[in-house]
Amino acid sequence: MSNTEKLRVDKYLWSIRVFKTRSQAAEACDGGKVKLNGNNVKAAKPVAIGDTFEIKTEGRKWVIQVTGLLANRVAYSEAVKYYVDNTPEEDKTAPKPVAAVFHTGKRQSKIGRPTKKDRRSIEGFMEGDTGEE
């Protein structure tokens, strides 16, 4: 892509594989998660070589500098040639948030309403404890 052509921020971030979809990149721009040289940027702003972006994604924080313009999505090994990752080491290796509960479809024991099986075992226990014989 030549230097005179215009390339949108959302399309560029999608093509270098920071975001999985272009709509996610546009939403991040609209949500203030993408900053160009310290200022919030809209998705339609043109990208220029030398621009510095600060990007916050779910997985990590990025600080990248544009070294080339890439309009189409390519393999990761090719995409990394179009930017320099200036992210500080502590942001690269930041611990990932871990969910307190693994979502297996089952409820945690002793939390929330009892299941039908739990209720029956409780009722059976309570009936045997009435003291009547």
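Colleague: Where is the place of Phe125?
Modeller: Phe125 lies in helix α5, residues 116-128; helices are DSSP runs of H or I with at least four residues, strands are runs of E with at least two, and both are numbered from the N terminus. This is a predicted model, in which local features need pLDDT of at least 70, side-chain atom pairs count only at pLDDT 80 or more, and totals for chains, interfaces and linings use all residues. Residues are numbered from 1 along each chain as its sequence is written, and side-chain values use heavy atoms, leaving out hydrogens and water.

Colleague: Is Phe125 buried or exposed?
Modeller: Phe125 counts as exposed, at 59% relative accessibility. Exposed means over 50% relative accessible area, buried under 20%, and partly exposed in between, with a 1.4 Å probe and protein chains only.

Colleague: Turning to α2, which of its residues are buried?
Modeller: In helix α2 (residues 22-30), these are Ala25, Ala26, Ala28 and Cys29. Down the axis of α2, they fall within an arc of 160°, so they line one face of the helix; the arc is taken from the directions from the helix axis to the C-beta atoms.

Colleague: And what is exposed on the other side of α2?
Modeller: Glu27 and Asp30 are exposed there.

Colleague: What follows α2?
Modeller: Gly32 follows α2, and its phi is positive, near 80°.

Colleague: Where is Thr87?
Modeller: Thr87 sits in the loop between β5 (83-85) and α4 (89-92). Thr87 is buried, with a relative accessible area of 5%.
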